[in-house]
Amino acid sequence: MILNHLREGLLAKSKTILIQGGNAVLGQIVAKQDILIQGEKIRAIGTLQGHKADLVVDAKGLLVLPGAVDTHVHFNDEFMNTVSVHDYYSGTRAAAFGGVTSIVDFSNQIPGEALVQTIDAKKEEAKGKAIIDWGVHPVLTKPTAKVLKEIPLLVQKGAPTIKCYMTYRAEGLMVGDKDLKRIMEALKNAGGMLLVHAEDNDTIEKNVPRMIKEGLTKPIFHARSRPPDSEAKAIQRCIQLARETRARLFIVHMASASGVELVGQARGEGYDVIAETCTHYLIFTDRMLLRDDGIKWICSPPLRNPMIQDWLWRGIRDGRISLVTSDDAAYSWDAKLYGADRFDKCPNGIPGIEVRLPLLYSEGVAKGHISLPRLVELISTHPALLFGLAPRKGTLAPGSDADIVLFDPKARWTMNQESLHMASDWSAYENIPITGKIVKVFSRGDLIIDGDRCLARKGRGRYLHRRLDPSVRAFVGSPRLERSFFQTDEGLYIK
Ligand SMILES: [Zn+2]
């Protein structure tokens, strides 16, 4: 009996799949290459016609991409009097439909509890549920001496990337600058990296009550209360801490032109400062907040004007922005309605785990803003490299996990609530015409998405033990330094 199980296990592991005739994205090259999967890994890439395999998949006319890696998601997230509706089943299922085969989720430290508990809590949440591989970023909220001593242990446990908030004081999340510096030093010594939500709390705490008092309660005032300048101030401050400590700094969901400038400048000076932006900042502008249902687009930092959006695309093209994540924060419509009469009561966040690849292909590659290899870098290769998952994830190479997306670049469809699989009962992405469609998704050699069907077994997803590679820096794109005609206040600038 035991022997049978073992034999079955071995047979299952050695199953071979040949993906034939597709156009594979291999680094900067897009070429017709066959891919042989054996068990959970990519075994070979090349001209493999006639090679024997248990299953042959015809990929003619399709793109073959490495599975996307989303390093910014909030599952089961308790925030602003609600909990995000994506758990480890519904969230990873929607991710898989969107071509995502690895996620890294934020796990908030409960005040008074050990930081290591943030990993254990997610292991419990994922058990029997996750269908793709997943990792954890602990969120440090109470930096006591005892907690700082735990940082090396977190690195050892495969969670070397810790996030801190420079705002959300009332929600109990904010960490002050002095503590940020101590955390950066501790992370630097332990081989970790600090992730920062950079918005200036003083600006926001001053603006919000004033606006509410003056009756400026509509969704657009959410954006006005957190102007680009408040982001710039916070980014400037945390970059200064990176200068002083020489620690690696990662700025999450950057949504300002000044941020792009500041990051480019710091990197040009040799500091290890890296930034991401998110899908929604590239797709939507603050005009959405003027609609009657503007609460749908309340997120932080807020959506910006078209000029700033252009600047973010520019940062993506020239390398000052290194990756794009979803910042999936899926709150129910009932919860979003807390903000129906007052923007400050609306849980900040947009469900987006499924839309990143199709939207960025359609709006970015098909419209000529970025190349196909650049898209793959932004959503797969760079997140994997920067967050300690390479070369296992984020790339098509022999020996890497067989996380593969087959993508039809010509298919056209309409993105809306009905065509998506996210668990939220509403969608910010309504009737958007899309070019390009995910056809199949493999995760460690298992076909988990086949057209409209999810074939994955619940709980098959595994914990991603991550280790940062200090040499990765050289690979994340070099900033193109340019003299800018740029003023930080009010986001005014001349291109
Ligand atoms: Zn977030």
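How many residues has helix 15, and how far does helix 15 reach from its first C-alpha to its last? Helix 15 runs over residues 372–386 and has 15 residues. Its reach is 20 Å, close to the 21 Å expected at 1.5 Å a residue. The model described here is predicted.

Stay with helix 15 for a moment. A kink of about 45 degrees is centred on Leu378. Helix 15 is also mostly covered, with 13 of its 15 residues buried. Just after helix 15 comes Gly388, which takes a positive phi of about 80 degrees.

Now step back to the whole chain. The protein chain has 15 helices and 23 strands. Its C-alpha trace spans about 70 × 50 × 45 Å along the principal axes. For 495 residues, a compact globule would have a radius of gyration near 23 Å. The protein chain has 22 Å, so the value agrees with a compact globule. Of the 495 residues, 53% count as buried. Sequence distance matters for the next figure. Take the contacts between residues at least 6 apart in sequence: 75% of these join residues at least 24 apart.

Next, the strands. Strands of a sheet pair through backbone hydrogen bonds, either parallel or antiparallel.

Which strand does strand 1 join through 4 bridges? Strand 1 (residues 16–20) is joined to strand 6, and the two run parallel. Ile19 stands opposite Val57 in strand 6.

Strand 19 (residues 432–443) pairs with strand 20 (residues 446–450) in the antiparallel sense, over 4 bridges. Phe442 has Leu447, in strand 20, as its bridge partner. The hairpin of strand 19 and strand 20 has 2 residues between the strands, and Arg444 takes a positive phi near 45 degrees there.

Strand 20 also pairs with strand 21 (residues 453–454), in the antiparallel sense and over 2 bridges. Here the bridge partner of Asp450 is Arg453, in strand 21. Strand 20 and strand 21 form a hairpin too, with 2 residues between them. In its turn, Gly451 has a positive phi of about 60 degrees.

Notes
Residues are numbered from 1 along each chain as its sequence is written. This is a predicted model: local features need pLDDT of at least 70, side-chain atom pairs count only at pLDDT 80 or more; totals for chains, interfaces and linings use all residues. The radius of gyration is taken over C-alpha atoms; the globule rule is 2.2 Å times the number of residues to the power 0.38. A residue is buried if 20 or more other C-beta atoms lie within 10 Å of its own, exposed if 12 or fewer, and partly exposed in between; C-beta atoms are placed from the backbone. Two residues are in contact if their C-beta atoms, placed from the backbone, lie within 7 Å. Two strands pair if DSSP finds at least two bridges between them. The expected span of a helix is 1.5 Å times one less than its number of residues. The bend at a residue is the angle between axes fitted to the seven residues ending there and the seven starting there.
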